[in-house]
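Colleague: I would like to learn how to read the features of a model like this one. Could we take them in turn?

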Amino acid sequence: MRVAKHPFENRDIEAAVFGKTFGNQTADENDDFVQPRARCRTCNSELSFVAAKTRRIAHFRHRNDVFCPTKYPAGQPYVNLIPHAPDDVAGAALRQEFRRRWKWHYDAIQRHLVPFLSTKEFLALLGIANEHRSWDYVGLTQEMIPYCLVLMADFPPGTGYVPKGREGRKLWFRFWYEHRMTDLRDLWIVDGDPVLHRASFQPPATKRGRPAYEDLIADRALHPLPANFLEADAPAVPTFVVEQVDRWFTNHPEFE
Ligand SMILES: [Zn+2]
């Protein structure tokens, strides 16, 4: 990552500035210089500074044995879990209600969480949630669904919606929760609202590449969705989106 918490002050510091400010140990073996440690803004663990080289930008690195969500792609490790004690009756009811309410979810996600969400991405999230039986978690509510869905995938520029004549998404988005959350259920079980972060990465140079966490440009704590967002008037959703989503539901009878 390129930004971390300053070692001594209550502010962030960029890796390039850190290098200039604190310097490195010299080649003298009697040098007892100890470089101070910046801390991760997500997990608060100490980070090593990695200086810039040709074709490598200055960045901070976690120790290998530290768990931090920024080190993992796509909402892992939450996403790869499946419910230990699935409640398939509640899951079926949740899917049925979701089908009735999909416009509210779609609108909340694209308006508040994932800028330039495309229909294809929205439907992919539903498919991944199906694969992982994410609907069957005991205690999962309709209101929590957008928060779970955005953890299911990364959002590269290439899969996003491109408005006519305008540029779409420029950065690669990834979502995570603070590190104390170890299970999807912590979203609704743990006291206090877990804070959702949206991280923006510099997209990889190649089409099939993945961003490395050294390419993390910014992470932002997002505001919670508006209370009772499911009770607002039906949001306006473009006809071509409605058609695609309806077609998808026709092929997915598990939402009936
Ligand atoms: Zn961290």
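The dialogue below goes through domains, a sheet, a core and a single side chain.

Modeller: Note that this is a predicted model.

Colleague: Into which domains is the protein divided?

Modeller: The division gives domain 1 (3-66) and domain 2 (88-255). Their C-alpha centres lie 34 Å apart.

Colleague: Next, the sheet. What is the order of strands in the open sheet?

Modeller: In general, strands of a sheet pair through backbone hydrogen bonds, in either a parallel or an antiparallel way. Here three strands form an open sheet in the order β6-β7-β8, and the pairing is antiparallel. β6 (172-177) and β8 (216-221) are at the edges with a single partner strand each, so one side of each has no neighbour in the sheet. On average, neighbouring strands of this sheet are turned by 25 degrees against each other, direction ignored.

Colleague: How many bridges join the pairs, β6 with β7 and β7 with β8?

Modeller: β6 and β7 pair over six bridges, with Phe175 standing opposite Arg198 in β7. Strand β7 (residues 196-201) is joined to β8 by five bridges. Phe201 has Leu216 in β8 as its bridge partner.

Colleague: Is β6 largely enclosed or open?

Modeller: To judge this, count neighbours: a residue is buried if 20 or more other C-beta atoms lie within 10 Å of its own. Six of the six residues of β6 are buried, so the strand is largely enclosed by the rest of the structure. Trp172, Arg174 and Trp176 point one way from β6, while Phe173, Phe175 and Tyr177 point the other way.

Colleague: Which residues have the most contacts inside the largest nonpolar core?

Modeller: That core has 47 residues, and those with the most contacts inside it are Ile109, Val114, Leu125, Cys148, Leu149 and Val150. Two or more residues each come from α1 (15-22), α2 (88-113), α3 (119-131), α4 (145-149), β6 and β7. The most come from α2, with seven residues. Domain 1 (3-66) and domain 2 (88-255) each supply at least three residues to this core. As for Leu149, this residue touches Ile109, Leu125 and Ala129, leaving aside residues up to four places away in sequence.

Colleague: Last, a single residue. Where is Trp248 placed, and is this residue buried or partly exposed?

Modeller: Trp248 is in helix α6 (residues 239-250). Trp248 is partly exposed, because 17 other C-beta atoms lie within 10 Å. Trp248 and Tyr213 are 35 residues apart in sequence, and their C-alpha atoms are 34 Å apart in space.

Conventions: Residues are numbered from 1 along each chain as its sequence is written. This is a predicted model: local features need pLDDT of at least 70, side-chain atom pairs count only at pLDDT 80 or more; totals for chains, interfaces and linings use all residues. Helices (H or I, at least four residues) and strands (E, at least two) are DSSP runs, numbered from the N terminus. A residue is buried if 20 or more other C-beta atoms lie within 10 Å of its own, exposed if 12 or fewer, and partly exposed in between; C-beta atoms are placed from the backbone. Two strands pair if DSSP finds at least two bridges between them. Axes are lines fitted to C-alpha atoms, for helices over the stretch in contact, and angles run from 0 to 180 degrees between N-to-C directions. Domain bounds come from an automatic or database domain assignment. A nonpolar core is a set of buried Ala, Val, Leu, Ile, Met, Phe, Trp, Tyr and Cys residues joined through C-beta atoms within 7 Å. Two residues are in contact if their C-beta atoms, placed from the backbone, lie within 7 Å.
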